[in-house]
Amino acid sequence: MTKVSICCSLYAWEGDTDRVDKTVEWYTALTEMAGYKFRLLLVNDGCGESFKEIVPYITTPRGWCTDVEYFESEERLGKAVQLNRLLASCTDDYIVVMDNDVIAPRKWLPMCMYIASLPDIAVCGVLVEDLPILKHFRIDHPEFPISFLVPGMMGGACLVWKREKLGVENYFWTGGGVYGHEDAEFLQRITKRVGTVAAITGKGYCIAENNSEEYQKWKTERVQNPDDTVKSRILGL
């Protein structure tokens with residue numbers, strides 16, 4: 001049977017109890033709606049707000065989740081570093097990287113896996129916001145109808161890929177620091193070096209907001225000043 005690992009880096013700033021509480025909702029939806037069996041790899045990225053009370057729940061396999069491994073970091077190292085630690089241990093056929101505040105549509109996992117297996121597709125994800133669309137496709141699949149699209153841009157809220165297909169590109173760039181646009185670099189690099197980044201047509205949605213002043217300040221600065229470091233890195237590849 002094809003094996004799948006879902007990797008997730010957990011972080012909540014001190015006082016952000018909403019994100020911790022919503023992680024329970026996220027895990028419940030994940031186990032009920034994924035549509036395909038998976039193991040879950042969770043790493044606590046030195047969170048300011050404790051996840052201790054919910055750890056017993058989110059580490060108990062149920063539904064589509066067959067196994068959970070939970071790791072804690074004594075200090076915050078950033079999403080890219082923590083995900084790379086998880087990816088280094090993954091030998092399963094398919095890899096999923098997912099944020100712990102995203103609810104994806106029902107049976108999203110087998111659809112993403114199938115699309116990611118297509119010859120010209122490198123990664124298939126789930127959109128959680130309205131983004132420019134370049135192309136639409138529809139495939140007559142014997143088990144379920146599949147329609148997908150190629151967005152003009154995409155975030156990293158939920159990404160699925162075939163590990164063997166990405167090969168040496170199966171990592172996240174750590175050069176941008178804790179808030180380093182690792183998702184943007186990953187998707188641009190994969191598009192340039194491996195193949196198309198696609199998304200299923202069914203949208204997901206976020207259930208938590210990050211109210212960290214530090215995060216909001218960083219995000220505002222990045223919106224006003226696009227990350228030239230990522231652009232120069234991609235151009236230099």
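Modeller: The largest cavity is lined by Trp26, Ala29, Leu30, Met33, Met98, Val102, Ile103, Ala104 and Trp108, where a cavity is a set of points, on a 1 Å grid over the protein atoms alone, at which a 1.4 Å probe fits but cannot get out, and a lining residue has an atom within 4 Å of a point. This is a predicted model, in which local features need pLDDT of at least 70 and side-chain atom pairs count only at pLDDT 80 or more, while totals for chains, interfaces and linings use all residues. Residues are numbered from 1 along each chain as its sequence is written, and side-chain values use heavy atoms, with hydrogens and water left out. Two elements, helix 1 (17–33) and strand 5 (102–103), each give two or more residues to the lining, helices (H or I, at least four residues) and strands (E, at least two) being DSSP runs numbered from the N terminus. Helix 1 contributes the most, with four residues. By kind, the lining consists of nine nonpolar residues, with no polar and no charged ones, if Ala, Val, Leu, Ile, Met, Phe, Trp, Tyr, Cys and Pro count as nonpolar, Asp, Glu, Lys and Arg as charged, and the others, Gly among them, as polar. The volume of this cavity is about 40 Å³, a volume being the space filled by probe spheres set on the points, which are joined across faces, edges and corners. When the whole structure is searched, one cavity of 30 Å³ or more is found.

Terms used:
1 Å grid on protein atoms, 1.4 Å probe; cavity = no way out; pocket = protein on both sides within 12 Å on 5 of 7 lines; lining within 4 Å.
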